[in-house]
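Welcome, and please take a moment to turn the model around before reading on. The paragraphs below will walk you through it step by step.

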Amino acid sequence: MRHVTTHNGTLHFAGKIRIRTHTCHVAVVGSGAAGMAAALRLAERGVPDVMLLTEDLLAGTSRNTGSDKQTYYKLTLSGQEPDSVGRMAQTLFAGGSMDGDLARIEAALSAECFYWLAEKGVPFPRNAYGEAVGYKTDHDPLSRASSAGPLTSRLMVEHLQDALDATPVALFDRQQAVKLLTDGRTGAVRGVLCLSLDDPQIAFNLIMCPAVVWAVGGPALVYADVVYPGSQLGGTAPALEAGAAAVNLTEWQYGLASVAPRWNVSGSYQQVLPSYVSTDPDGGDPRHFLAEGILDRKERLGAIFRKGYQWPFDVRKLPGSSLVDLLVYRETALRGRRVFLDFRQNPDGLALDRAGLDAETADYLDRTHAWAPLPWQRLCKMNEPAYAFYLEHGVDLSRDRLEIRLSAQHHNGGLAVDAHWETTLPGLFAVGEVSGTHGVYRPGGSALNSGQIGALRAADAIARRLPGHGDAALDEASLLAQAADWLRDIPETEPAELESELLKGWNLAGERMSRLAGPLRDTTRLQEMLGGVCREIASSRRFLAIQALPGRALACRFRDMLLTQRFLLGAMCDYLDRGGVSRGSALYLEPGGRLPGNNVPDVFRARTGPDTLNDRVQRIRLETPGDLLSPLQIDWRPVHPLPQPDEAFEVVWQAWRKDMAQRGRGKHET
Ligand SMILES: Cc1cc2nc3c(=O)[nH]c(=O)nc-3n(C[C@H](O)[C@H](O)[C@H](O)COP(=O)(O)OP(=O)(O)OC[C@H]3O[C@@H](n4cnc5c(N)ncnc54)[C@H](O)[C@@H]3O)c2cc1C
């Protein structure tokens, strides 16, 4: 990859602020697994002048996260169990509020993307016959999951980057995309305005291009309690501000995660049966608090064990393993205590014996040869790399307790895309977690699959339009005027204490979302919060007066955070108005509501009942693009049905040849 620097651009001024303009054919924004794949797919299709721009090549979720066995979901490619594109599509579609065409495409292309990554060097294991042996993950009826180990997504970006290094794709690093620019006449996206993060003075780069692939990852910035890596904040808001529609924004995945380092405590970390202990804020008054909520010890141990493979908080697992999440939440959020996993002692501080375990738990410990007196010893036997991971991060589970919280891990909703991953704004494609391609439930590992499929489909669509792209007028004067308008009125002097006020506002806004609109959503407070967020948006521009980096970068991000929160809260309020109930990974708390299961503490009374909206998709957008406070337009449409194609080969072949001929490729096939 060639490196672009600000000096490659042409210098302009908006008042005293410097803006350099650059042109390219396609700007891919974000260097995670999805963005890297999109850039590489474009290069492989011969699309010239592709620019990969990112706030930090080494940042983001893909490169900096994982789990005990990070999963990649795909069609079954081993063993005797029958599988098909149709069956896998059905699994994805069954998640609810999921479009059938996207489910079908994600199933159809999953094997191709999996083998493409393997060819790039991602070490997915194969057996002696070359089969990519799979295992069962959450919400998976077969054993479709594969893994390259705890750091599958990191290996993906590393190998994709190696492959990109051999292409002419240009890398523009340290660019924070703050605004999307559009053609005033057609509304098509024609450029990206970026705050330069390396410039000693405040300066912007304006990338002008006929197509943008938005691959900025999940909007981690909306919550304080997250397991996303610290370097991932996300950037859904610039697309929302430009008028792009979003879907299923209410749907997230939350689960138990360690705080330092941020890491999912799923799989083996639960299956070795650690002790759950809470303390007061100073570490005193230790309590085995799970015993208060799950009275029977065998049941309690079974719930901890099942948390391993039922990791995300799931309202359907109440009563059941998700009660563990609720009890952790009660300790931390409602009682102000801290919660730890303690691998130095067995649950309740009591010895563990076979007779005290249910059959599933005992059998698993047998099959994995993991019997040992203490949880950390069992972990070393069952999954030594899982123990080593914490050791490498300064936590020795044989000596140290591990602090955990119920944290946001994945946004299932996001920007609305069509079957080519193009958003509702022409020329803007959204791939990876920023796109809303999942429904209420999704099989574990389908996020990484979806990002790869989106990258492939978007690259195909862009390459197909290639001849027409030259005609897409890039009106530099109009784009510069939009950029200047966005920068207008930024005060040139910075009031004292502005940066510390910003930090305070940032922390409060994130904590408020985690407390009231995360896995536990307080139906009595959401509307009031929405009003508060709108008031904060109205006064948030003043933070742009911060004159230096990184304060200015955070000020731009604060607006993104608030706008994204506004959309999420607006979506939640509307969902409730339509009669929405607790579902997926979110419990809607309501005084006088029902208890979602036996033994569930009274504070968790919630709106429950049949989900009558899971055959519909909630769509939401700004009524007036560019006006962050204009009303939110929300509607519900039926999900696209699951296609059941049954065409004759000859029919498909004919259409395929025609398409190839139009693309000017594959002449030998005609
Ligand atoms: C702990 C954890 C475990 C997970 N386990 C699994 C799993 O087992 N299987 C699975 O399928 N999924 C899993 N996921 C989800 C999956 O890892 C992510 O959905 C996926 O990696 C996202 O990839 P992405 O390319 O969309 O975004 P990211 O990898 O987050 O990349 C986003 C990129 O955009 C850049 N960026 C962001 N905002 C801007 C901006 N404004 N301007 C410029 N650049 C910007 C970032 O710096 C980064 O380079 C897990 C997630 C977590 C947190």
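**A walk through the model**

The face of helix α12 that is turned away from its buried side carries two exposed residues, Ala359 and Arg367. Here, buried means under 20% relative accessible area, exposed means over 50%, and partly exposed lies in between, with a 1.4 Å probe and protein chains only. Helices (H or I, at least four residues) and strands (E, at least two) are DSSP runs, numbered from the N terminus. This is a predicted model: local features need pLDDT of at least 70, side-chain atom pairs count only at pLDDT 80 or more, and totals for chains, interfaces and linings use all residues. Residues are numbered from 1 along each chain as its sequence is written, and side-chain values use heavy atoms, with hydrogens and water left out.

Let us stay with this helix for a moment. On the buried side of α12 (residues 359-367) sit Thr361, Ala362 and Leu365. Seen down the helix axis, these buried residues fall within an arc of 95°, so they line one face of α12; the arc is that of the directions from the helix axis to the C-beta atoms. An α-helix has 3.6 residues a turn, so residues three or four places apart point the same way. The buried residues of α12 pack against α8 (268-271), α10 (297-307) and α13 (375-382), where contact means heavy atoms within 4.5 Å. After α12 comes His369, which has a positive phi, near 50°.

Now step back to the whole protein, with its 21 helices and 24 strands. For 670 residues, a compact globule would have a radius of gyration near 26 Å, and the protein agrees with this at 25 Å. That radius is taken over C-alpha atoms, and the globule rule is 2.2 Å times the number of residues to the power 0.38. The C-alpha atoms fill a box of roughly 75 × 70 × 45 Å along the principal axes. Of the 670 residues, 60% count as buried. Among contacts between residues at least 6 apart in sequence, 73% join residues at least 24 apart.

Next, look for an open sheet of six strands, paired in parallel in the order β1-β8-β5-β4-β12-β20. Two strands pair if DSSP finds at least two bridges between them. The edges are β1 (2-3) and β20 (428-430), each pairing on one side only. Within the sheet, β4 (residues 26-29) and β12 (residues 211-214) run parallel and are joined by four bridges, with Val29 standing opposite Trp214 in β12. Helix α15 (residues 446-464) packs on this sheet, touching β4, β12 and β20, and its direction makes about 160° with that of β20. Axes are lines fitted to C-alpha atoms, for helices over the stretch in contact, and angles run from 0 to 180 degrees between N-to-C directions.

Elsewhere, strands pair in the antiparallel sense. Two bridges link β13 (residues 246-247) to β23 (residues 616-622), and seven link β23 to β24 (residues 632-638). Arg619 of β23 is the bridge partner of Val247, while the partner of Arg619 in β24 is Asp635.

Is Asp325 buried or exposed? At 0% relative accessibility, Asp325 counts as buried. This residue of helix α11 (residues 322-334) has contacts that include Gly255, Lys307 and Trp311. By comparison, Pro426, in the loop between β19 (414-415) and β20, counts as partly exposed at 39% relative accessibility.
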